Amino acid sequence: MKIITTFAIFMFVTSSYLFGQITFDYSGAELVLEHFTDNQDNVEKIVNNPGYQHILLHSKKYSSNPITEENLLNSLNGKNERFDFSGVKDRKDEYIKIIKYLKENEQEIINDYAKLCLKYLPKDYKQKATIYFVIGGYNGIAFDDKICMNIDYKQFRENYNELKLYIAHELFHIGFEKYHSLPDIFKAKTVKDLKEIVLLMTMNEGLATLTPYHKRIEMNEISDYDYKVLLDTTALNKKITQFNSVIKYLDENIDKKLTNEILGNVLGQCSGDRLFYIVGCYIGLKIEEKYGSKKIQELVTESSEKYFETYYQLIKKK
């Protein structure tokens, strides 16, 4: 009996260690709801809320036109300046329903979605993250063991499965960051610097897109643009051709000084046209298809150049 009890305690501690490192925080969304629908003055609490502070910090670090605390304050006072709170009153019941659903399905998120990224991250990775649910801001962001999910994003409001699948995507980023520092685009001085950023971002966003890929196929949740393209050979080949031409352009201008025009052109295609996500995922799929997910786990600990080298060697053999 003592052995059984000890084993049960061990299993509880072990499962808590492996899967209990995901925590959920709904305070940001709930404070905004109270502020706009219950006439509570929550301005100070919202501005200081860790979820909204995380959005502001992310924007400050990675956006060329960052969202500021003043934008948030003005939006909370009815100006909808970078945060659109105009639909909060009308969607009150909708938000309450989403939050209730998420709270009731936390264990499913942990068991069936949070673990998806572990298939592609090194075995020594110990998962730990706080997921903040907010209203407004970016659809989803992740860094420093924190994720922000905007429950007002139309895709999430219309299909709760999308929320869970996006969480899986963002959790890969949290893990990837343990092995690679996120690039600082504003410190790039040459086209060579930009190419290094493009390769790393293609690997990072591509593998994050790959993380829920097989789950999406299983669930038939493939309406998201990136996955529609990935499953359409003609559309996918156009993206691959476009990406190859971006890389060719970078190689041909590798020694040039980086200008705003070059930066805008390259990132406009890679981010705006979803090349980071679609082509990066395709590369990951090809590597996984040939060598298995363990190969990707190994590559995550190496450089993005090695990731591409593995892919190029693979297609040369055909």
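Lys-215 is buried in this predicted model, with a relative accessible area of 15%. Buried here means under 20% relative accessible area, exposed over 50%, and partly exposed in between (1.4 Å probe, protein chains only). Lys-215 sits in helix H11 (residues 213-219). Helices (H or I, at least four residues) and strands (E, at least two) are DSSP runs, numbered from the N terminus. Lys-215 touches Asp-112, Tyr-113, Leu-116 and Leu-165, not counting residues up to four places away in sequence. Contact means heavy atoms within 4.5 Å.

Residues are numbered from 1 along each chain as its sequence is written. The model is predicted: local features need pLDDT of at least 70, side-chain atom pairs count only at pLDDT 80 or more, and totals for chains, interfaces and linings use all residues, while side-chain values use heavy atoms, with hydrogens and water left out.

Helix H10 (residues 191-210) is mostly covered, with 17 of its 20 residues buried.

Four strands form an open sheet in the order E1-E2-E4-E3, with mixed pairing. Strands E1 (22-25) and E3 (140-143) stand at the edges, each with a single partner strand, so one side of each is left without a neighbour in the sheet. Two strands pair if DSSP finds at least two bridges between them. E3 and strand E4 (residues 146-150) run antiparallel and are joined by 4 bridges. Ile-141 stands opposite Cys-148 in E4.

Helix H4 (residues 50-62) lies across strand E2 (129-134), E3 and E4. H4 runs at about 80 degrees to E3. Axes are lines fitted to C-alpha atoms, for helices over the stretch in contact, and angles run from 0 to 180 degrees between N-to-C directions.
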